[in-house]
Amino acid sequence: KSRMVICGKGKIGKSFFAINLGVALADGKPFLNIPITRKTKTLYLQQEISEVSLQKRFSQVLKGWDLNTDDVDDLSCHTIGGFNIFNKDHFSQLEQWIKDGEFEVVIFDPIYKFHNIEENSAKDVKSLLDRFDELINDLGVTVILVHHQRKQIGETSQQMRGSSVFFDWGDAYVFLNPAKSSGGAIKLSFELRNAEAPDELI
């Protein structure tokens, strides 16, 4: 029953990171600085690319782990175009899906595709995050949101696009940024609400 946000600019690899995390959760193996000790039923939902492209991306990730789909049957990856977290029917369907699949973790990628609010409005963002809290509190799941970075980058806590309420909500944050060494390397930094954050990774 926790909250995580994965944040970075467009095309930096947030979705690949999220799917890799989903594979690690489903396979019960540690991932980078994220300790994972058991297999966890995980649902990955996205609205950014086609289902065909998603399955190609999923296959790429599995190849990197030297796994096939049979090895990670605790991970379900789906495209759900047009889903809106504020639509009562959509929300009820999602709740039933989570119950039927006995999912413990749900990943939403990217978050802006799942709502129609103004992300700079603290009131609107709170209403959005309240919907995810409903899932967390009623179904006992962990929710992971994939979110975009501001165009103007400040300190870590200021990187997320939209209201600062996003940063007040989570228990854990992962920030993806280009490493200063360049060469295509990605720097991962972490912020935790109730524990000391792990060191940065490149």
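Is Asn68 buried, partly exposed or exposed? With a relative accessibility of 40%, Asn68 counts as partly exposed, where buried means under 20% relative accessible area, exposed means over 50%, and partly exposed covers what lies in between (1.4 Å probe, protein chains only). The legends below take this residue and several others in turn.

This is a predicted model, in which local features need pLDDT of at least 70 and side-chain atom pairs count only at pLDDT 80 or more, while totals for chains, interfaces and linings use all residues. Residues are numbered from 1 along each chain as its sequence is written, and side-chain values use heavy atoms, leaving out hydrogens and water.

**View 1**
Seven strands form an open sheet in the order 3-2-4-5-1-6-7, with mixed pairing. Helices (H or I, at least four residues) and strands (E, at least two) are DSSP runs numbered from the N terminus, and two strands pair if DSSP finds at least two bridges between them. As a reminder, strands of a sheet pair through backbone hydrogen bonds, either parallel or antiparallel. Strand 3 (75–79) and strand 7 (186–192) are the edge strands, each pairing on one side only. On average, neighbouring strands of this sheet are turned by 15 degrees against each other, direction ignored; axes here are lines fitted to C-alpha atoms, for helices over the stretch in contact, and angles run from 0 to 180 degrees between N-to-C directions.

**View 1. Strand 6 beside strand 7.**
Strand 6 (residues 172–178) and strand 7 run antiparallel and are joined by seven bridges. To find your way in this view, look for Ala172, which stands opposite Leu192 in strand 7.

**View 2. Two helices on the sheet.**
Helix 2 (residues 51–65) packs on the sheet and touches strand 2 (42–46) and strand 3, contact meaning heavy atoms within 4.5 Å. The direction of helix 2 makes about 150 degrees with that of strand 3. Helix 3 (residues 88–101) also packs on the sheet, touching strand 2, strand 3 and strand 4 (105–109). The direction of helix 3 makes about 150 degrees with that of strand 2.

**View 3. Helix 1 crossing helix 2.**
The axes of helix 1 (residues 14–27) and helix 2 come within 10 Å and cross at roughly 60 degrees. That makes helix 1 oblique to helix 2, since angles under 35 degrees count as roughly parallel, over 145 as roughly antiparallel, 65 to 115 as roughly perpendicular and the rest as oblique. The crossing of these two helices, helix 1 and helix 2, is right-handed; a crossing is left-handed if the near helix is turned anticlockwise from the far one by less than a right angle, and right-handed if clockwise. From helix 1, Ser15, Phe16, Ile19, Asn20, Val23 and Ala24 meet Leu54, Arg57, Phe58, Gln60, Val61, Leu62 and Trp65 of helix 2. The residues of this contact divide into nine nonpolar, three polar and one charged; Ala, Val, Leu, Ile, Met, Phe, Trp, Tyr, Cys and Pro count as nonpolar, Asp, Glu, Lys and Arg as charged, and the others, Gly among them, as polar.

**View 4. Strand 5 and its partners.**
Seven of the seven residues of strand 5 (residues 142–148) are buried, so strand 5 is largely enclosed by the rest of the structure. Thr142, Ile144, Val146 and His148 point one way, Val143, Leu145 and His147 the other, and all are buried. Strand 1 (residues 3–8) runs parallel to strand 5, joined by six bridges, and Gly8 stands opposite His148. Strand 4 is also parallel to strand 5, through four bridges, with Ile107 opposite Ile144.

**View 5. Strand 4, covered on both faces.**
Five of the five residues of strand 4 are buried, so strand 4 is largely enclosed by the rest of the structure. Val105, Ile107 and Asp109 lie on one side, Val106 and Phe108 on the other. Strand 2 pairs with strand 4 in the parallel sense over five bridges, and Tyr44 stands opposite Ile107. Val106 has Val143 in strand 5 as its bridge partner.

Thr40 lies in the loop between helix 1 and strand 2 and, at 8% relative accessibility, counts as buried. Leaving aside neighbours within four places in sequence, Thr40 is in contact with Leu25, Ala26, Asp74, Glu104 and Val105. Asn68 sits in the loop between helix 2 and strand 3; its C-alpha atom is separated by 29 Å from that of Ser189, 121 residues apart along the chain. Ser53 is found in helix 2 and is partly exposed, with a relative accessible area of 33%.
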